[in-house]
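Trainee: Can we go through this model together? I want to know what backs up each term.

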2 protein chains.
Amino acid sequence: MAEEFEKPYVIGLDMGGTNSVFGVVDQRGTIKAQTVISSKAYPDVNDYVNAAVEALQPALDLIGGIEFVKGMGIGAPNANFYTGNIEDAPNLAWKGVIPIASLFEEALGVPARVTNDANAAALGEMTYGVARGMKNFIMITLGTGVGSGIVVDGNVVYGSDGFAGELGHAIVDRSVEARVCGCGRNGCLETYCSATGVARTARLMLESTDEPSMLRNLKPEDITSFEVFKAAEAGEKVAKDIFDFTGRILGQACANFALFNAPEAFVFFGGLTKAGHWLMDPIAKAYEENSLMTYRGKARLLVSSLNGSEAAVLGASALGWE
Amino acid sequence: MAEEFEKPYVIGLDMGGTNSVFGVVDQRGTIKAQTVISSKAYPDVNDYVNAAVEALQPALDLIGGIEFVKGMGIGAPNANFYTGNIEDAPNLAWKGVIPIASLFEEALGVPARVTNDANAAALGEMTYGVARGMKNFIMITLGTGVGSGIVVDGNVVYGSDGFAGELGHAIVDRSVEARVCGCGRNGCLETYCSATGVARTARLMLESTDEPSMLRNLKPEDITSFEVFKAAEAGEKVAKDIFDFTGRILGQACANFALFNAPEAFVFFGGLTKAGHWLMDPIAKAYEENSLMTYRGKARLLVSSLNGSEAAVLGASALGWE
């Protein structure tokens with residue numbers, strides 16, 4: 001049997017602060033088996049890796065064993081592709097530098113690679129999703145924060161230190177009213193265009209108008225981007241205004257981002273994309289209005305085609321093919 | 001004789017709207033011979049290529065003939081690396097799409113490649129200059145406009161269409177006072193940080209204050225960035241303020257650019273860099289203040305080490321080694 005048929009599976013690990021989801025994935029992006037362990041229950045990372053290997057065993061038995069696995073990909077916070085380490089991740093139980101890739105390589109006997117979740121998402125779209133066949137595109141993840149994965153000539157850009165591609169922290173407002181960001185600076189894209197940024201916009205807009213809105217029935221801290229979406233669907237002007245504001249800032253920012261790699265597409269992913277045309281239309285409008293002539297009309301603005309709950313594992317698994 | 005010793009030279013062509021400068025360059029970046037023809041005198045591009053080959057002959061004789069030339073690199077406006085064409089260059093005599101690379105390949109019998117001048121400058125720095133050995137950096141050219149060449153993993157980023165890397169057209173001001181740019185939009189980096197942008201700033205600052213200045217002895221349209229430099233050297237506050245303003249905008253913009261490829265360095269080139277510390281100090285200050293923590297203190301801010309008059313030819317020639 002030729003090598004390419006011998007190892008038709010990869011393992012993907014989506015490591016979050018709470019849970020670690022493992023999937024065994026085939027070349028088409030079908031998750032053949034999935035298992036979950038706690039990310040928090042193992043103060044010693046060696047115990048975590050042992051628990052992971054044990055939990056994976058039934059899934060590996062299902063596909064005929066680890067000898068059918070080409071490699072493992074890990075999407076984790078503060079993960080460095082070059083070193084294979086997780087470095088000082090504030091949301092994980094293990095402090096300092098954790099050589100997570102080599103720990104799994106030793107435990108499983110297959111090559112393992114790590115990257116952060118937005119880069120993993122970009123790899124997932126390129127391997128199994130809407131960016132299949134694309135060589136130059138930009139992935140934008142719209143969740144609690146705004147993440148990005150930049151692809152140039154078919155490769156994710158890791159930069160000089162492995163931490164390139166943090167477009168969510170592009171400063172888009174330098175005025176005195178710029179929003180405070182968790183990174184310690186002001187005016188970052190993610191303070192406006194993340195799911196939490198949309199909720200922030202909603203609270204501010206509701207304060208500044210008398211427009212009636214079902215959002216006023218909620219406590220301000222209970223307003224989410226999904227509640228804003230429901231209000232938009234119900235025909236509320238204020239909800240539409242919130243998405244117009246968000247989409248305009250994101251479209252303007254993407255027009256600047258396009259100057260780097262003249263992308264074939266931007267691929268948006270994450271909870272906020274559920275807002276659909278309420279968000280995508282103002283993004284498209286602002287993108288076209290703000291694009292340099294050379295780039296106008298060239299990049300497609302796409303939404304991820306991967307199933308939301310599977311996308312993170314699929315994205316991580318894509319690294320296993322490399 | 002081994003292949004690497006057989007072809008120790010490349011030809012570089014710096015094609016401007018007025019003149020075309022050709023250089024025969026060795027592996028250390030020494031220009032062994034140089035020749036110039038007019039870019040404007042040949043309405044038919046075939047005549048231009050023939051004139052070029054004739055003008056190059058003495059230089060080629062000097063190194064032993066075209067058989068010692070590995071390749072030719074051409075830096076030209078609106079040049080597309082992928083196609084080898086010059087496409088609709090407004091400042092050249094030839095309209096439409098000109099297959100300049102293949103015309104020279106046929107005429108000389110060596111491989112020829114084209115790119116724009118800022119990308120050529122990046123290649124020049126990487127091959128012969130301060131970026132030797134660097135895999136990830138950003139070249140910023142500060143001339144009549146602001147150009148850029150972005151290097152990722154040792155390669156210039158050309159993007160999906162060959163026209164990536166136009167950071168001079170990043171919109172850095174979206175306010176109503178944003179400066180009008182030649183590209184048809186407002187607030188582009190180059191309206192502030194090019195040599196002409198500095199002159200524009202000087203005129204505005206002189207109007208808005210009563211500060212005494214030797215610049216007031218000039219007609220407003222005669223103010224250049226070099227005159228501002230002389231005023232700064234003479235200790236004038238207004239000149240220092242002009243460079244502080246320019247450097248702050250450029251440093252802020254570079255902090256955003258760093259999010260893409262986490263560069264080892266920014267390399268600045270062009271007439272404006274003659275302003276030295278008057279410009280570089282405020283760039284460095286704004287860059288550090290505006291950098292995301294992950295990147296702070298990592299990128300070096302360098303000025304090109306290539307001789308200004310030779311840099312364009314050297315940069316173009318670097319493409320000949322590829």
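The talk below covers the chain interface and then the domains.

Mentor: This is a predicted model: local features need pLDDT of at least 70, side-chain atom pairs count only at pLDDT 80 or more, and totals for chains, interfaces and linings use all residues. Residues are numbered from 1 along each chain as its sequence is written, chains are lettered from A in the order in which they are written, and side-chain values use heavy atoms, without hydrogens and water.

Trainee: What rotation superposes chain B on chain A?

Mentor: A rotation of 180 degrees, with 0.0 Å of shift along its axis and an RMSD of 0.0 Å. The two copies are thus related as by a two-fold rotation axis.

Trainee: How do you know that the copies meet through the same surface?

Mentor: 100% of the interface residues of chain B are also interface residues in chain A, so the surface is the same. In contact are 38 residues of chain B and 38 residues of chain A. Contact means heavy atoms within 4.5 Å.

Trainee: What is the area buried between chain B and chain A?

Mentor: About 3100 Å², with 57% from carbon and sulfur atoms. Buried area is the accessible area (1.4 Å probe) that two parts lose on being put together, summed over both.

Trainee: Why is the pair B:Lys298 and A:Asp161 called a salt bridge?

Mentor: The rule asks for a side-chain nitrogen of Lys or Arg within 4 Å of a carboxyl oxygen of Asp or Glu. B:Lys298 and A:Asp161 have N to O at 2.7 Å, so the pair qualifies. Across the interface of chain B and chain A, the rule finds 2 salt bridges.

Trainee: Which element gives the most to the side of chain B that touches chain A?

Mentor: H8(B), with 7 residues. Helices are DSSP runs (H or I, at least four residues), numbered from the N terminus.

Trainee: What makes the domains of chain A?

Mentor: The bounds come from an automatic or database domain assignment. Domain 1 is 3-125 + 310-321, and domain 2 is 133-304. Their centres, taken over C-alpha atoms, are 29 Å apart.

Trainee: How many salt bridges lie between domain 1 of chain A and domain 2 of chain A?

Mentor: The count is 0. The area buried between these domains of chain A is about 1300 Å², and carbon and sulfur atoms give 63% of that. A:Tyr82, A:Asn119 and A:Glu125 supply 38% of the area that domain 1 of chain A buries against domain 2 of chain A, more than any other three residues.

Terms used: Copies are superposed by least squares on the C-alpha atoms of residues with pLDDT of at least 70 in both. Helices (H or I, at least four residues) and strands (E, at least two) are DSSP runs, numbered from the N terminus.
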